[in-house]
Structure formats: structure tokens, C-alpha cells
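Please keep the sequence and the structure in view while reading.

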Amino acid sequence: FDTDIHQNLQGADQHYYETSAGFKITQPLLKGAGLAVNRIPLAQGSIRKKTADLQYQSAIADLVDTMLIQYHVYQLSLLQADIQAKQLKTTEDFVKNLELKVTMGRAADNDLIQAKFDLAQQKSQMLTMERAKAKQYELLMMALGLDKDAALSILPFESVSYDLASQSQLL
């Protein structure tokens with residue numbers, strides 16, 4: 001049984017007393033449950049720490065994945081630009097040979113016009129490829145956390161033979 005009496009003061013001339021009564025019932029926790037209840041904040045803190053650690057590890061893994069993806073995309077753009085340059089060189093050689101054939105009378109002017117048109121298209125595609133390669137380099141630098149004007153030497157991607165890869169895993 002619990003009682004409470006206290007005095008309230010409101011202004012200088014108004015004094016009065018309030019009383020209240022109530023019942024308070026407590027039941028002891030059985031078999032150490034009280035200790036477990038007291039450890040709940042500690043357990044919650046431990047869970048929050050583990051969650052934060054896992055989120056941190058996940059963020060690092062995501063960052064590494066992003067860097068690897070950007071590196072491979074950039075390598076692909078380098079490979080595509082190399083292929084495009086080789087095709088352009090082949091087309092330029094074809095046009096030169098066709099010009100010689102036209103001057104010798106062995107080919108028609110229409111064939112030369114078509115070949116020059118194809119050459120112009122490939123030059124335009126090469127410019128587009130160079131812009132795409134520069135954009136992929138910029139994205140790679142951003143993923144690495146570097147300035148886009150930073151000097152970075154990137155070795156061309158080379159496929160590794162299965163024998164060499166299996167030997168390096170054994171080391």
C-alpha cells in the first residue's frame with residue numbers, strides 16, 4: 001500500500017494539499033530472468049555493433065566490386081578501341097588499293113565511293129569509341145577515388161592460360 005501527501009503552492013495566498021493512495025504489486029522474476037532483462041541493452045548494443053561491422057564489410061566489398069567492374073569495363077573499351085583501330089587501318093589500306101585499281105581501270109568509281117563512305121563511317125565510329133574510352137577511364141578514376149587527370153599507368157588486359165593460373169594458385 002502506498003500513500004503520497006504533498007503541498008501545492010499556487011501564488012502567495014493559495015495553499016492546498018493533495019493526497020493520493022494506490023496499490024503497488026511486485027512479483028519477483030523467477031530463475032534469473034531479472035538478470036537477463038537487465039542485460040537486454042547490452043545484448044542490443046552487441047547486435048548493433050555486429051550489424052555495423054557487417055555493413056562496413058559490405059561497403060568495402062561493394063567498393064572493391066565497383067573498382068573491379070570499372071577496371072574490366074575500361075579494359076573492354078581499350079580492347080574495342082584496339083579492334084576498331086585495326087579495322088580502320090584495314091579499311092584505309094583497302095581504299096588505297098581500290099584507288100590504285102580505279103586509276104588502272106580495274107575497278108569502278110562506284111566501288112571507290114562506297115569504300116570511302118565506309119572509311120568515313122569507321123572514322124566517325126573511332127571518334128565515338130575514343131570518347132567512350134575516355135569516359136570509362138574517368139569512371140575508373142572516380143571508382144579509385146582519384147582525380148580524372150591523375151596519371152595512372154594501366155597495363156593492357158592479357159588472358160592468362162589455364163596452366164599459368166593453376167600454377168599461381170599452388171604458390
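## Terms and overall architecture

A helix is here a DSSP run of H or I with at least four residues, and helices are numbered from the N terminus. The model is predicted. The protein contains four helices and two strands, which follow one another along the sequence in the pattern β-β-α-α-α-α.

Of the 171 residues in the protein, 14% are buried. The protein exposes about 14,300 Å², and 59% of this area comes from carbon and sulfur atoms. Among contacts between residues at least 6 apart in sequence, 48% join residues at least 24 apart.

## Confidence of the prediction

The mean pLDDT of the protein is 79, and 68% of the residues reach at least 70. Confidence is highest in helix 3, with a mean of 93, and lowest in helix 4 (residues 162-170), with a mean of 48. Where pLDDT is low, the predicted coordinates should not be read in detail.

Helix 2 comprises residues 40-104. How far apart are the end C-alpha atoms of helix 2? They are 95 Å apart; the 65 residues should span 96 Å at 1.5 Å a residue, so the two values agree. Helix 2 is followed by G105, which has a positive phi near 85 degrees.

Against which element do the buried residues of helix 2 pack? They pack against helix 3. Among these buried residues are Q70, Y74, A81, L88, V95 and V102. M67 also lies in helix 2, but M67 is partly exposed because its relative accessible area is 24%, and buried means under 20%. Beyond its neighbours within four places in sequence, M67 is in contact with L140, A143 and L144. The C-alpha atoms of M67 and M141 are 8.9 Å apart in space, although these residues are 74 apart in sequence.

## The aromatic pair

A pair of aromatic rings is described by the distance of the centres and the angle of the planes. The structure holds one aromatic pair. Its rings belong to Y74 and Y137; the centres are 5.5 Å apart and the planes stand at 55 degrees, so the pair is tilted. The pair links distant parts of the chain, since Y74 belongs to helix 2 and Y137 to helix 3 (residues 109-144), 63 residues apart. Are these two residues buried or exposed? Both Y74 and Y137 are buried.

## Salt bridges within helices

The count of salt bridges comes to five. One of them joins the side chains of D82 and K86, with an N to O distance of 3.4 Å. Both residues lie in helix 2, four residues apart, which is about one turn of the helix. An α-helix has 3.6 residues a turn, so residues three or four places apart point the same way. D82 is partly exposed at 37% relative accessibility, whereas K86 is exposed, at 52%.

A salt bridge also forms between the side chains of D93 and K89, at 3.2 Å from N to O. D93 and K89 are likewise four residues apart in helix 2. D93 is partly exposed, with 31% relative accessibility, and K89 is partly exposed, with 46%.

In helix 3, K133 and E130 are three residues apart, about one turn of the helix. Their side chains meet in a salt bridge of 3.3 Å, N to O. E130 counts as partly exposed, at 31% relative accessibility.

Technical notes
Residues numbered from 1 in each chain as written. Predicted model: local features only at pLDDT ≥ 70, side-chain atom pairs only at ≥ 80, totals over all residues. Heavy atoms only, no water. Buried < 20%, exposed > 50% of the residue type's maximum accessible area, 1.4 Å probe, protein only. Contact = heavy atoms within 4.5 Å. Areas by Shrake-Rupley, 256 points an atom, 1.4 Å probe, with all protein chains shown as cover. Phe/Tyr/Trp six-rings, centres within 6.5 Å; stacked < 30°, edge-to-face > 60°. pLDDT = per-residue confidence, 0-100. Expected span 1.5 Å × (residues − 1). Salt bridge = Lys/Arg side-chain N within 4 Å of Asp/Glu carboxyl O.
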